[in-house]
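Thank you all for coming; I would like to walk you through one structure this morning. Please have a look at the sequence and the model first, and then we will go through a few parts together.

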Amino acid sequence: MNDITAGTLRLPTRIHFGYGSRAQLPEVLRGHGRRVLAIVDPFLTRSPVLAEIRTALRAGGLDVEVHSDIEPELPTASLDTAAEFARTHRPDAILAIGGGSTLDAAKLVGLLVTHGGPLRRYYGENLVPGPTLPVVAMPTTAGTGSEVTPVAVVSDPGHDMKVGISSPHLVPAAAIVDPLLTLGAPRAVTAHAGIDALVHAVESYTAADPDRAWDATLPVFTGRNAFTDVIALRAVELLGAALPVAVGDPDDRQARENVALGSLLAGIAFGATGTHLSHALQYPIGAVTGTPHGLGTGLLLPHVLQVCLTDAGTVPRIAAVGAALGVAPSTVEEQARGAIRAVARLNRAIGVPASLAEIGVTRDQLPRLAELAARATRLVAIAPVPAPPTVLLDILDQAYTGHLAEGNYR
Ligand code: NAD
């Protein structure tokens, strides 16, 4: 498909991927100075991997202080405490090792230490005034892509939903993705993080293609893009094939490798283009149900794609997603419908529920959820179809029952 003639990528200056790539860490960090604050996922404090990494960093002449008090959902107060700890240590760089929550925490601590709080000053897009303390990110889950993206998400008690801070200055300085670190991730974490990565890739590939005003400050998320088209489809291919295997056999090294690569590529893609309606809808649904982010975006994606079929220009793109998921070639329309069925089958294979009713949403909540999702204007604007609250409500109505016009396959 060759209908895109412009593109923007903002990435870490180094990205290393592969089993064993964590050995690059001392060299990468030395490029930023000697004093390192390691913000690590609480699960790692029990793991021999952290001891191994600390030993390697000390042997490499680095002075490392560890902070592992990362609270689920990242309440803003916990980030203030982490930033206070960071100011005491006065690091040259932050090393983030953990799931997306930990990586996001590190980005925001870097922001707070450099530019001061409160965090709410930066909610939204392009409000970070300049570079922050460099972050070297090593994910232990395969899903969020936070190691390469310009965004971090927090919970603020003053807001109904989680809030995002998006800025090119939040792109980590370096990313090291060693699939070994994901080997111990529990099945549910693997499934929910992995399906979120697939949603990133699909929503990146089906994003709108807005006019670019090259003579103005660019938005953080630029929409469909000449570079990311290639990357996103490869991510779909890798994740579609490997995710059910990694969930079924968490020790399958090849599957873990492919899911980790798919997640990284999806992060590179959506970090430039943005995501759209599954994400807009999941923010309020996550707040109401307390369900994991990826479970929600995965559940919603087939229903979002169903609505995207109404845009003739997007149908070939959904068909290309189908091809990447192994749907046999036929007419473009058939392959696009096949893509929707394939995503629903993948959800089923990895244990993602089929309906909002199953995760505790009630029918009378749907109008309010549509209204809240419509406020995520950055995400809604990147959808390939106009999505006023009425359309969002249509998607929710369908997702509530889990009934797909393309066939349930359950
Ligand atoms: P997570 O970081 O919340 O971790 C989930 C659980 O898994 C935690 O208990 C964690 O301790 C544990 N865990 C992580 N890695 C493990 C491993 N290898 N072995 C055993 N346990 C492990 O989950 P996540 O899905 O990685 O991140 C979700 C967060 O990321 C959400 O807050 C979401 O909003 C955010 N997010 C950010 C971006 C971004 O670009 N910044 C994108 C998508 C989502």
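How do the axes of helix H5 and helix H8 cross, and within what distance do they come? Before I answer, please keep in mind that this is a predicted model, in which local features need pLDDT of at least 70 and side-chain atom pairs count only at pLDDT 80 or more, while totals for chains, interfaces and linings use all residues. Residues are numbered from 1 along each chain as its sequence is written, and side-chain values use heavy atoms, with hydrogens and water left out.

The axes of H5 (residues 187-205) and H8 (residues 277-289) come within 9 Å and cross at roughly 135°. That angle makes H5 oblique to H8, where angles under 35 degrees count as roughly parallel, over 145 as roughly antiparallel, 65 to 115 as roughly perpendicular and the rest as oblique. On the H5 side the contact (heavy atoms within 4.5 Å) is made by Asp196, Val199, His200 and Glu203, and on the H8 side by Leu277, Ser278 and His279.

Helices (H or I, at least four residues) and strands (E, at least two) are DSSP runs, numbered from the N terminus. Axes are lines fitted to C-alpha atoms, for helices over the stretch in contact, and angles run from 0 to 180 degrees between N-to-C directions.

Let me turn to the sheet. Three strands form an open sheet in the order S5-S8-S7, with mixed pairing, and two strands pair if DSSP finds at least two bridges between them. S5 and S7 stand at the edges with a single partner strand each, so one side of each has no neighbour in the sheet. Strand S5 (residues 124-125) pairs with S8 (residues 163-166) in the parallel sense over two bridges, and there glycine 124 stands opposite isoleucine 165. Strand S7 (residues 151-154), by contrast, pairs with S8 in the antiparallel sense over four bridges, and valine 154 has valine 163 as its bridge partner. Helix H4 (residues 100-115) lies across S7 and S8, running at about 100° to S7.
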